[in-house]
Amino acid sequence: MSDLSSTQFFQVEPGPQISAKDIFEIVYKALKEKGYNPVNQIVGYIMSGDPTYITSFNGARSLIMKVERDELVEELLKAYIEHNAWK
């Protein structure tokens, strides 16, 4: 039997971090595969915060909810700026 007079220490190891860019790719592919317009659905999610805009297929909904919506907008803006060579 363990010593009940001492406090036990429990440490959870954080799981691997996935980038917003990778999340967009996974979510985009899941939406496309299910026949949705990925751009419209992602915009709907970012604007409203309603996760039902994103399919649960392949875990896309739970995955996109791991990232704050402002971080998603930031990632989109960074990609747009880099694509248009504004830097």
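Student: Which residues does glutamate 75 touch, not counting residues up to four places away in sequence?

Tutor: Glutamate 75 touches Ala20, Lys21 and Phe24. Keep in mind that this is a predicted model.

Student: Where is the place of glutamate 75?

Tutor: Glutamate 75 sits in helix α4.

Student: And how many residues apart in sequence are glutamate 75 and alanine 20?

Tutor: They are 55 residues apart in sequence. In space, their C-alpha atoms are 6.7 Å apart.

Student: Which side chain meets glutamate 75 in a salt bridge?

Tutor: That of lysine 78, at 3.6 Å, N to O.

Student: How many salt bridges does the count come to?

Tutor: The count comes to 2 salt bridges. One of them joins glutamate 25 and lysine 29, with the closest N and O atoms 3.0 Å apart.

Student: Where do glutamate 25 and lysine 29 lie?

Tutor: Both are in helix α1. They are 4 residues apart, about one turn of the helix. Glutamate 25 is partly exposed, with a relative accessible area of 42%.

Student: Let's stay on α1. Which of its residues are buried?

Tutor: Ala20, Ile23, Phe24, Val27, Ala30 and Leu31 are buried in α1. Seen down the helix axis, the buried residues fall within an arc of 135°, so they line one face of α1.

Student: What is exposed on the other side of α1?

Tutor: Lys21, Lys32 and Glu33 are exposed there.

Student: What do the buried residues of α1 pack against?

Tutor: They pack against α2 (38-48), α3 (60-64) and α4 (69-83).

Student: How far apart are the end C-alpha atoms of α1?

Tutor: They are 20 Å apart. Helix α1 has 14 residues, residues 20-33, and at 1.5 Å a residue it should span 20 Å, so the two values agree.

Student: Which glycine follows α1?

Tutor: Glycine 35. Its phi is positive, near 90°.

Student: New topic. Where is threonine 55 found?

Tutor: Threonine 55 is in the loop between α2 and α3. It counts as buried because its relative accessibility is 10%, and buried means under 20%.

Student: What does the side chain of threonine 55 reach?

Tutor: It reaches the backbone nitrogen of phenylalanine 57, at 3.1 Å. Leaving out residues up to four places away in sequence, threonine 55 touches Ala30, Leu31, Lys34, Tyr36, Ala60 and Arg61.

Student: Zoom out. How many helices and strands are there in the protein chain?

Tutor: There are 4 helices and 0 strands. The pattern along the sequence is α-α-α-α.

Student: What radius of gyration does the protein chain have?

Tutor: The protein chain has 19 Å. A compact globule of 87 residues would be near 12 Å. Along its principal axes, the C-alpha trace spans about 60 × 35 × 20 Å.

Student: What share of the 87 residues is buried?

Tutor: Buried residues make up 23%. For contacts with a separation of 6 or more, 41% come from residues 24 or more positions apart.

Definitions and conventions: Residues numbered from 1 in each chain as written. Predicted model: local features only at pLDDT ≥ 70, side-chain atom pairs only at ≥ 80, totals over all residues. Heavy atoms only, no water. Helix = DSSP H or I, 4+ residues; strand = E, 2+ residues; numbered from the N terminus. Expected span 1.5 Å × (residues − 1). Buried < 20%, exposed > 50% of the residue type's maximum accessible area, 1.4 Å probe, protein only. Arc of directions from axis to C-beta. Contact = heavy atoms within 4.5 Å. Polar contact = N/O pair within 3.5 Å; in protein donor to acceptor, adjacent residues only side chain to side chain. Salt bridge = Lys/Arg side-chain N within 4 Å of Asp/Glu carboxyl O. Rg over C-alpha atoms; globule rule 2.2 N^0.38 Å.
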